[in-house]
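Welcome, and thanks for taking a look at this one with us. Please have the sequence and the model open side by side as you read the notes.

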Amino acid sequence: MRRYLLDLQQNPSPIYSAGVEAEGVYVWAVTITGLPETPYEGGVFNLRIIFPPQFPWKPPKMHFRTPPIFHPNVSHRSNIFHPMLMPDTWYIARSVAQMLMSLAQMLLHPLVAEGDVVREEVAVMYREDMTSYEELARSFTKIHTMDG
């Protein structure tokens, strides 16, 4: 785990940062900044990653600590649904940096195909009424992730 953390520290990203929480090396606090030209722009999203002791052979569990987030791949309880985190599609060579970049990209390009969503009503809005989707996502971002 320390090797993954060292990799993130030696190769910092302007989009995300991560560090170990007080509970130990298997629990990380992560911050992702909403990408420009998305409804999440300007938002600062806090996440928690819980790595199983079998990592990298088993995927971590991730959830947003910044609720609520209006997104088809984030549940009402702020759990993240992404194929890369599912046991049957997990790839052991995936780095933590790759996972974090995939999550940042998920904010830019939600996964809205059937079976990829956890909030179908949000996915339907994304597919059928992009303007309303972006307005609501922008509103949630402003209210819940920005100061002021």
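This is a predicted model: local features need pLDDT of at least 70, side-chain atom pairs count only at pLDDT 80 or more; totals for chains, interfaces and linings use all residues.

A residue is called exposed when its relative accessible area is over 50%, and buried when that value is under 20%.

- Helix α1 spans residues 2-10, and its buried residues are Y4, L5 and L8.
- Viewed down the axis of α1, these buried residues fall within an arc of 100°, so they line one face of the helix.
- An α-helix has 3.6 residues a turn, so residues three or four places apart point the same way.

**The largest nonpolar core**
- The largest nonpolar core counts 40 residues, and W28, I32, V96 and M99 have the most contacts inside it.
- Helices α1, α2, α3 (120-128) and α4 (130-145) each give two or more residues to this core, as do strands β2, β3 (44-50) and β4 (61-64).
- Helix α2 supplies the largest share, with 8 residues.
- In soluble globular proteins, nonpolar side chains tend to be buried together.

**The largest pocket**
- The largest pocket holds about 210 Å³ of space.
- Its lining is made up of I50, P52, K58, P59, P60, K61, M62, I80, L85, M86 and P87.
- Sorted by class, that lining has 9 nonpolar and 2 charged residues, with no polar ones.

**S78, a loop residue**
- S78 sits in the loop between β4 and α2.
- Is S78 buried or exposed? Its relative accessibility is 4%, so S78 counts as buried.
- Setting aside neighbours within four places in sequence, S78 is in contact with H63, F64 and P67.
- From S78 to I143 is 65 residues in sequence and 16 Å in space, taken C-alpha to C-alpha.

Notes. Residues are numbered from 1 along each chain as its sequence is written. Side-chain values use heavy atoms; hydrogens and water are left out. Buried means under 20% relative accessible area, exposed over 50%, partly exposed in between (1.4 Å probe, protein chains only). Helices (H or I, at least four residues) and strands (E, at least two) are DSSP runs, numbered from the N terminus. The arc is that of the directions from the helix axis to the C-beta atoms. On a 1 Å grid over the protein atoms alone, a cavity is a set of points where a 1.4 Å probe fits but cannot get out, and a pocket is an open set with protein on both sides within 12 Å along at least five of seven lines; lining residues have an atom within 4 Å of a point. Grid points are joined across faces, edges and corners, and a volume is the space filled by probe spheres set on the points. Ala, Val, Leu, Ile, Met, Phe, Trp, Tyr, Cys and Pro count as nonpolar, Asp, Glu, Lys and Arg as charged, and the others, Gly among them, as polar. A nonpolar core is a set of buried Ala, Val, Leu, Ile, Met, Phe, Trp, Tyr and Cys residues joined through side-chain atoms within 4.5 Å. Contact means heavy atoms within 4.5 Å.
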